[in-house]
Amino acid sequence: MSLLSERPAAAVVGVPMPHESAALHVTGNALYTDDLVQRTHGVLHAWPVQSPYAHARITALRVKPAYDVPGVVRVLTAEDVPGVNDAGIKHDEPLFPGEVMFHGHAICWVLGETLEAARLGALAVEVEYESLPSLVTVREAIEAESFQGIGRHLERGDVSAALAGAAHVFRGEFEFAGQEHFYLETHSALALVDEYGQIFIQSSTQHPSETQEIVAHVLGLSSHSVTVQCLRMGGGFGGKEMQPHGFAAIAALGATLTGRPVRLRLNRTQDMTMSGKRHGFHSSWTVGFDADGKLVALDATLTADGGWSLDLSEPVLARAMCHIDNAYEIPHVRVDGRIAKTNKTSQTAFRGFGGPQGMLVIEDILGRCAPLLGYDALELRRRNFYQPGDSTPYAQPVRHADRLESCWSQVLSGGEVAARQAEIAAFNASHDHVKRGLAMTPVKFGISFNLTAFNQAGALVHVYKDGSVLINHGGTEMGQGLHTKMLQVAATALGLPLSRVRLAPTRTDKVPNTSATAASSGADLNGAAVKNACEQIRERLAQVAAGRLGISPSDVRFADGVVRGLSGDGLPWNELVAAAYMQRVQLWAAGFYRTEGLHWDANAMRGEPFKYFAYGVAASEVEVDGFTGAYRLRRVDIVHDVGDSLSPLIDIGQIEGGFVQGAGWLTLEDLRWDESTGERRGRLATQAASTYKLPSFSEMPEVFNVQLLEKAHEDGAVYGSKAVGEPPLMLAFSVREALRHAAAAFGPAGTSVDLPSPATPEAVYWALQRARGGVSWSG
Amino acid sequence: MTNLALTVNGERTAIGAVPVHTSALDWLRDRGLTGAKEGCAEGECGACSVLVARPGIDTPTEWTAVNACLLPIASLDGQEVITSEGLGTPAALHPVQEELAVRGGSQCGFCTPGFVCSMAAEYYRPGRSACAGDHEHGANGFDLHALSGNLCRCTGYRPIRDAAYALGSPGENDAFGARAAEPAPAAVATGMHSSEGEFIRPTTLDAALALLTDRPDAQVVAGCTDTGVQVNIFGSRPALTVAIDRLDELREFEVSAGEVRLGAALTLTEIERRLAGRVPLLSEVFPQFASRLIRNGATIGGNLGTGSPIGDLPPALLALDASLVLASRRGERVVPLADYFTGYRQTVKAADELIRTIVIPLPLAPMTAFHKIAKRRFDDISSVAIGYALDIRDGIVRDARIGLGGVAATPLRARDTEAALIGQPWTETTVRTVAAVMANEGTPMDDHRASSSYRSAMLGQSLLRFYFGGLDV
């Protein structure tokens with residue numbers, strides 16, 4: 001057991017506890033960025049002028065009429081930018097564009113004494129456009145060969161030879177939709193400028209350090225002149241990893257030019273029409289199986305719909321390519337990846353970060369091919385699982401591959417799957433107009449940023465003279481419970497009750513050069529950094545305690561607020577801290593962590609980019625109404641591997657929430673852009689909660705059993721835990737596959753159902769109608 | 001006027017000089033009560049939910065959860081509002097807050113204050129009592145539909161459901177429970193104006209009709225569930241808004257031997273509770289109509305007044321052969337609903353007229369059903385909605401009325417289908433033949449909710465479902 005993962009007796013980690021802000025949440029006292037406006041004097045409000053074209057050149061921009069609107073204070077345009085007119089890190093995202101690249105693209109921003117004044121001011125701005133041809137769908141982009149960024153190639157073995165020798169070969173295409181984050185809190189920023197012209201920004205951001213860098217380059221300042229704070233976010237899901245920067249920069253620019261605080265909060269329509277989403281993908285593939293249903297080769301081309309600029313499309317694509325195997329050993333693999341450039345919002349990180357898209361391709365393949373191979377889909381999946389000793393196509397050993405089988409067999413037994421399959425068969429045989437389906441799918445998900453450099457973190461821990469502890473770390477809280485876990489880690493590392501530890505908001509002037517709170521890595525990285533800082537302090541205190549207790553420092557133990565030797569009386573923590581101060585012992589420490597053992601050759605797509613894999617298995621049962629295609633999620637059983645959980649209530653919440661969000665992506669959430677040639681071409685038609693439907697109470701599984709895999713110690717991570725943010729999202733593949741199973745039950749035995757994604761009631765209806773008509777996908 | 005005021009969390013607070021279209025949500029937030037949030041600004045997500053003291057059905061007052069984003073603050077003049085901050089504090093949590101907090105019911109917490117208010121309304125609902133429980137009801141009688149208008153993107157809802165089902169009953173000393181035993185605040189005459197426009201709440205029907213006669217540009221509002229969206233999302237700024245939801249003349253409720261009379265300003269929740277299952281077709285509509293938060297504000301008159309082609313009530317009311325009483329200073333007239341709609345969001349109602357009463361003739365047809373096709377079961381707008389009222393005796397269809405929504409510019413009767421059914425034996429053969437006729441009703445369009453071909457298919461499938469629905473399918 002490593003020092004990092006070793007858990008002391010009576011640890012505070014591992015104890016189920018509610019979110020550290022729960023009492024503030026439920027009473028409405030928890031503050032979010034836009035709640036600070038009312039507490040700030042003299043705030044100006046920002047409103048964008050948005051393009052009504054998917055692609056156009058701006059031939060004239062007249063802002064003067066806006067100034068005639070009462071209450072308008074300033075219009076921000078490209079001419080106002082003192083630094084770099086760019087909102088990203090690739091320098092392909094002008095903050096104020098000369099050529100609009102998507103419907104809704106912000107051209108300039110109006111600042112008003114009230115939001116209403118800013119809105120009316122924006123309406124008064126006159127813009128002339130020269131409309132240009134646009135590409136709206138990924139297919140249009142492929143046809144026009146409109147790509148951006150670096151295409152990638154991943155290869156192992158001899159795919160052509162393996163396919164030539166395969167017993168069964170199938171070919172298919174699969175295009176599937178993206179997903180809107182729909183964090184309940186839209187993008188918001190509040191910028192203030194001080195007497196030196198330094199900027200302080202409250203921002204709803206998952207990546208304060210990068211928000212700081214972008215604001216600095218827009219304003220032409222050094223990073224030390226910009227401070228970003230994030231109290232908490234009302235949800236992020238990856239949507240606030242890259243996307244907040246430009247909005248923060250607008251607020252900061254406005255504050256700089258006017259000397260007044262500037263608030264920028266997007267309303268839902270603006271957020272949906274301006275900010276990036278999960279990438280939709282197009283895939284085409286050829287797959288080979290041997291006579292025993294084992295995968296022998298996969299040849300696939302993945303095209304990510306990147307939207308108008310690169311943003312995080314390249315790493316998203318890389319993760320998709322690294323996850324096309326999901327949990328399955330495929331000896332011969334060839335994957336080509338590329339990024340389409342289209343006139344849409346710039347697609348970005350979203351929980352799973354390409355992983356779900358890669359995994360969806362192989363799960364779709366297995367779901368389609370199982371009936372044609374004559375296998376039950378459960379059996380086909382299980383017989384292709386990675387076994388101990390196997391490696392991924394990019395040459396990383398699949399450590400703990402046996403956990404796939406452990407999770408699978410626990411779901412089989414705990415979920416009474418065999419009995420229910422029999423019940424479902426009987427039900428389907430006796431019902432013509434309604435059918436049930438059950439599917440099980442596994443998840444294997446690599447944990448760490450693919451880009452090795454991002455796998456570092458810092459923390460700052462203060463012990464005050466009265467023994468109270470204040471911790472600060474580089475991670476952000478977006479509801480995932482990171483701060484709760486960090487408090488538990490610090491209390492465990494210092495041997496204190498949780499009440500002695502407080503956490504201060506994330507700020508770039510406390511912990512610098514942080515990575516995004518993303519890739520599920522927040523607790524792994526920041527937890528190890530917090531632990532490191534605490535251990536530095538503990539070691540110094542152990543010296544003091546050893547002197548007082550007359551024992552060796554190595555025998556000093558910290559637990560429950562008492563410091564003691566292996567036997568005998570203890571010393572209260574507060575007393576020890578006070579003594580240490582008098583001895584001039586440093587009572588605070590900066591912690592640091594870098595994940596060891598990672599290496600990745602991005603060009604060759606080879607290496608060991610992941611510290612470990614997280615595993616899980618879900619079984620879902622659905623009931624489909626044959627008249628309408630509408631369905632209900634009757635029961636879900638999950639066993640998921642979070643290592644030794646840092647905080648079980650939080651982890652179960654992540655699993656359940658991720659699952660339902662994944663089910664939303666795959667079944668309900670329906671992004672529709674206007675693909676017509678009319679004047680609304682490129683407009684997002686589903687740009688509101690009334691038209692873009694995310695799961696509500698009616699989509700919650702009626703029975704929802706979630707278990708954490710037991711005895712799942714992870715040697716390489718803080719207190720033996722594993723990351724949990726993203727992996728459970730992909731457990732929702734089981735819902736989609738259960739729908740496929742139920743739709744197939746409307747047709748003759750052996751029907752293979754080609755199911756679109758999202759599998760909306762309408763999509764399911766057409767799929768079951770094809771099955772009824774005896775139409776089977778034949779590959 | 002400067003004397004507009006309401007009671008917020010027990011404190012009387014002047015509304016003050018704010019623009020007339022200021023929403024209750026923005027007004028509360030500007031006063032530092034930032035618990036209620038804007039998540040969508042169109043009454044879909046419930047993050048802005050607050051409690052208002054409304055006249056009750058079973059107790060003098062009922063705490064009613066509504067979307068604060070849709071209501072102009074002027075409409076709450078003289079009323080009482082409770083927000084999440086008023087229900088409890090971190091040191092003294094309300095039972096609803098306690099259950100949500102300890103069970104992991106909040107993750108990011110942004111939607112949570114809204115859930116708290118919706119859940120509290122159900123906690124205090126008179127008549128909530130222990131029951132057997134099912135997949136939409138707890139053993140404590142908690143109706144999950146109370147939360148149908150609240151969206152959470154983090155939790156997956158399970159811990160919120162468990163919190164709701166763990167709730168006990170309000171204790172004897174519960175201050176909010178005690179308040180419900182006292183009369184609700186009366187509606188007060190309100191007049192508010194700013195440079196943007198004017199808000200007027202008249203106290204008599206005659207005064208309201210006089211206003212409409214003088215000001216054909218007036219925007220009539222009741223629950224504001226439609227107008228609020230127009231204001232928030234589409235920038236509508238009516239010069240004059242006239243609130244009619246508390247006019248006694250528009251709130252009649254009467255069931256006699258020959259008819260059911262429903263006042264236009266009754267909310268859908270009020271109608272649901274007062275009818276108590278007496279019109280089975282409407283009982284099927286209510287749980288599918290938007291969400292509890294919307295039904296607490298939206299009125300039956302408003303649903304017809306907007307003239308929307310996809311409202312859920314018109315197909316049902318068409319099947320019920322309902323009529324409308326239209327009132328103006330010129331007098332009253334009765335219009336069959338089937339003759340009411342004239343085009344996309346257009347009706348025979350003149351600018352100076354108000355819908356006063358909806359009349360449903362009795363006896364009801366013996367076989368009725370309501371089918372709603374939508375992406376989501378709770379809180380969604382229908383792609384297609386169908387109301388059925390059939391009279392089948394001795395195996396023969398004697399009479400048939402079928403109302404359709406979502407398949408044309410207006411709600412309409414499925415006249416060809418009705419004609420094809422009447423006189424025919426009610427058999428699978430008939431139904432399969434007539435389903436093909438029904439699939440050709442209307443002129444459905446393609447949009448983001450559904451394709452035209454799916455809408456047409458759903459019409460035919462609906463008749464099959466209606467037929468087979470009585471069987472164990």
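**Figure 1. Pairing of Gln219(B) in a sheet of chain B.** In this predicted model, Gln219(B) has Thr241(B) of β9(B) as its bridge partner. The two strands concerned, β8(B) and β9(B), the latter formed by residues 240-243, are joined by 3 bridges and run in the parallel sense. They belong to an open sheet of 4 strands with mixed pairing, in which the order is β6-β7-β9-β8 of chain B. The edges are taken by β6(B), residues 190-194, and β8(B), residues 219-221; each has a single partner strand, so one side of each lacks a neighbour in the sheet. On average, and with direction ignored, neighbouring strands of this sheet are turned by 15° against each other.

**Figure 2. The segment of chain B annotated in UniProt as "domain: FAD-binding PCMH-type".** An unreviewed UniProt entry assigns this feature to residues 192-365 of chain B. Helix accounts for 28% of the segment and strand for 28%.

**Figure 3. The contact between chains A and B.** On the side of chain B, 67 residues are in contact with 65 residues of chain A. Six helices of chain B each supply at least two residues to this side: α1 (24-30), α2 (84-87), α3 (95-102), α4 (112-123), α5 (158-165) and α16 (452-469). The largest share, 6 residues, is that of α16(B). By residue class, the side of chain B that touches chain A comprises 32 nonpolar, 21 polar and 14 charged residues.

**Figure 4. Strand β17 of chain A and its two antiparallel partners.** Strand β17(A), residues 456-463, is mostly covered, with 6 of its 8 residues buried. Strand β24(A), residues 588-594, runs antiparallel to β17(A) and is joined to it by 7 bridges; within this pair, Gly458(A) stands opposite Phe592(A). Strand β18(A), residues 469-473, is likewise antiparallel to β17(A), through 5 bridges, and His473(A) of β18(A) is the bridge partner of Ala459(A). The hairpin of β17(A) and β18(A) has 5 residues between the strands, and Gly467(A) there adopts a positive phi near 90°.

**Figure 5. An open sheet of 5 strands in chain A and the helix packed on it.** The strand order is β7-β15-β14-β13-β8 of chain A, and the pairing is mixed. Strands β7(A), residues 147-156, and β8(A), residues 168-176, form the edges; each has a single partner strand, so one side of each is without a neighbour in the sheet. From one strand to the next, the twist averages 5°. Strands β14(A), residues 295-305, and β15(A), residues 332-340, pair in the parallel sense over 9 bridges, and Ala300(A) has Val335(A) of β15(A) as its bridge partner. Helix α10(A), residues 355-373, packs on the sheet and touches β8, β13 (281-289) and β14 of chain A. The direction of α10(A) makes about 45° with that of β13(A).

**Figure 6. Surroundings of Ala743(A) in the largest nonpolar core.** This core contains 397 residues, of which Ala251(A), Ala490(A) and Ala743(A) touch the most other members. Helix α15(A), residues 522-549, contributes the largest share of the core, 13 residues. With neighbours within four places in sequence left aside, Ala743(A) is in contact with Val624(A), Val753(A), Leu755(A), Val764(A), Ala767(A), Leu768(A) and Ala771(A). In soluble globular proteins, nonpolar side chains tend to be buried together.

Methods:
Residues numbered from 1 in each chain as written. Chains lettered and ligands numbered in written order. Predicted model: local features only at pLDDT ≥ 70, side-chain atom pairs only at ≥ 80, totals over all residues. Core = buried A, V, L, I, M, F, W, Y, C linked by C-beta atoms within 7 Å. Buried ≥ 20, exposed ≤ 12 C-beta atoms within 10 Å, placed from the backbone. Contact = placed C-beta atoms within 7 Å. Nonpolar A, V, L, I, M, F, W, Y, C, P; charged D, E, K, R; others polar. UniProt positions renumbered as here; feature names shortened; annotations may be inferred. Pairing = 2+ DSSP bridges. Axes fitted to C-alpha atoms, helices over the stretch in contact; angles between N-to-C directions.
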